[in-house]
Amino acid sequence: MPTDTFDLLPHASPTADAIREDILANPGFGQYFTDHMAHVRWTLNDGWHGRRVLPYGPLTLDPAAAVLHYAQEIFEGIKAYRHADGSIWTFRPEKNAERFRRSARRLALPELSDEDFIGSLKALLAQDHPWVPTPKNEADECSLYLRPFMIASESFLGVRPSHEVDYYVIASPAAAYFKGGIEPVSIWLTEHYKRAAPGGTGFAKCGGNYAASLAAQKEASANGCGQVAFLDAVENKWIEELGGMNLFFVYKDGRIATPRLTDTILEGVTRDSVLTLARGEGLTPEERPISIDEWREGAANGEITEVFACGTAAVITPVGELVSEQERIRLAGDNGNPIAKRLRAKLLDLQYGRAEDTHGWLTRLV
Ligand SMILES: *Cc1c(COP(=O)(O)O)cnc(C)c1O
């Protein structure tokens, strides 16, 4: 038997069909979990081994497990989409697998192969495919959100990379991330906090980055905003991204710009896909530094016609205004966000199999 196959320990009493259907009718986001999870263990001596799919449930961790003290943890976010013929697909998983390895290297965790990363998604879906919701129509953006993650599980309070690591995938049925659909959102520009600094972990998808963003997120909520935008830590001038989404700016003349990648920006798969799709739409993509002054001036003089955020969970969401303690930046040339809507529709049509996959971005899971 090849070593990369996943053994199955089936759930003794999986969720009843009627209960699952109730959940799938109104899943929200990240609230319900499927019956199983995938697991692979790593030890310094034996490498990756023990691939299996087992019943979903609490983990047993020693209180001295390294992850609980030093946050040696990384994760991914990727979705499974049900197509009209019932087949189940995922979007560019090799990009997530590659990013997971980049994150692993930065957090001194072991690297997981494409075979194990994609294999774990397939193995989990082979059991839990009934949990992938069926879209009722083209506006119904339901999916199964997959959350691969890796934790340092060795019980040892000395500070060094863990010699024992566990990788899991859990899955949660999801409706649209923002309840308002494609209604523009208000974004808070924090002046007190930074998400990432040069040489730090900003480019890695690690829990620590999110922990560091929560105080700013609280500030945003207190000011009526759902998300936070961060400026760079060195000059306090360059736009980086939101807590969990990348940003794009659309210009009157057909340019579409996003901050160029540095080690303080998370390289979104959606970001990369938008850059490709934009070119196909006759737009001119640009990756370059964008300052807060450019946002302010471009919004005022009508050069910038749309701003949007993008990520796997929320797809593409127009930004209505940027709010800070000093100011509110709204677009003078607000035009109803036609480009964001067009790119969003293109992306969703590909993901749900309604458009031909000319880029080879889809991988069949079931
Ligand atoms: C996950 C994430 C994104 C979006 O990445 P996608 O691959 O498009 O989902 C953007 N920024 C941060 C900080 C993230 O963690």
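Domain 1 puts 21 residues in contact with 23 residues of domain 2, where contact means heavy atoms within 4.5 Å. Domain 1 spans 3-175 and domain 2 spans 185-351; these bounds come from an automatic or database domain assignment. The domain centres, taken over C-alpha atoms, are separated by 27 Å. This is a predicted model, in which local features need pLDDT of at least 70, side-chain atom pairs count only at pLDDT 80 or more, and totals for chains, interfaces and linings use all residues. Residues are numbered from 1 along each chain as its sequence is written, and side-chain values use heavy atoms, with hydrogens and water left out.

**Largest cavity**

- Three cavities of 30 Å³ or more are present. A cavity is a set of points, on a 1 Å grid over the protein atoms alone, where a 1.4 Å probe fits but cannot get out.
- The largest cavity holds about 120 Å³ of space. Grid points are joined across faces, edges and corners, and a volume is the space filled by probe spheres set on the points.
- The largest cavity is lined by 14 residues, and Tyr81, Phe91, Thr270, Thr312 and Gln351 are the closest to its centre. Lining residues have an atom within 4 Å of a point.
- Strand S5 (78-82), strand S6 (88-91), helix H6 (269-280) and helix H8 (338-351) each give two or more residues to this lining. Helices (H or I, at least four residues) and strands (E, at least two) are DSSP runs, numbered from the N terminus.
- S5 gives the most to the lining of the largest cavity, with three residues.
- By class, the lining of the largest cavity has six nonpolar, seven polar and one charged residue. Ala, Val, Leu, Ile, Met, Phe, Trp, Tyr, Cys and Pro count as nonpolar, Asp, Glu, Lys and Arg as charged, and the others, Gly among them, as polar.
- The largest cavity lies between domain 1 and domain 2, because both give residues to its lining.

**Largest pocket**

- The largest pocket has a volume of about 670 Å³. A pocket is an open set with protein on both sides within 12 Å along at least five of seven lines.
- Its lining counts 37 residues, with Tyr177, Lys205, Tyr210, Gly244 and Ala313 nearest the centre.
- At least two lining residues come from each of S7, S8, helix H5 (207-222), H6 and strand S15 (304-311). H5 gives the most to the lining of the largest pocket, with five residues.
- The lining of the largest pocket divides into 16 nonpolar, 15 polar and six charged residues.
- Domain 1 and domain 2 each supply at least three residues of the lining of the largest pocket.

**Second largest pocket**

- The second largest pocket has a volume of about 230 Å³.
- Of its 18 lining residues, Asp232, Trp238, Glu240, Arg260 and Thr262 are the closest to the centre.
- This lining has 10 nonpolar, two polar and six charged residues.
- Thr262 sits in the loop between strand S13 (255-258) and H6. Thr262 has a relative accessible area of 30%, so it is partly exposed. Buried means under 20% relative accessible area, exposed over 50%, and partly exposed in between (1.4 Å probe, protein chains only).
- Thr262 contacts Phe203 and Glu240, leaving aside neighbours within four places in sequence.

**Nonpolar core**

- The largest nonpolar core has 36 residues, and Leu146, Met150 and Tyr167 have the most contacts inside it. Such a core is a set of buried Ala, Val, Leu, Ile, Met, Phe, Trp, Tyr and Cys residues joined through side-chain atoms within 4.5 Å.
- Elements giving two or more residues to this core include helix H1 (17-25), helix H4 (114-128), strand S7 (143-152) and strand S8 (164-174). H4 gives the most to this core, with six residues.
- Not counting residues up to four places away in sequence, Met150 touches partners including Trp48, Phe100, Leu112 and Tyr167.

**Individual residues**

- Pro93 is in helix H3. Pro93 counts as buried because its relative accessibility is 0%.
- Beyond four places in sequence, Pro93 touches Ile78, Phe117, Ile118, Trp361 and Thr363.
- Arg92 is not a glycine, yet has a positive phi of about 50°. Arg92 lies in the loop between S6 and H3 and is buried at 8% relative accessibility.
- Ala71, also not a glycine, has a positive phi of about 60°. Ala71 lies in the loop between helix H2 (66-70) and strand S4 (73-75) and is partly exposed at 39%.
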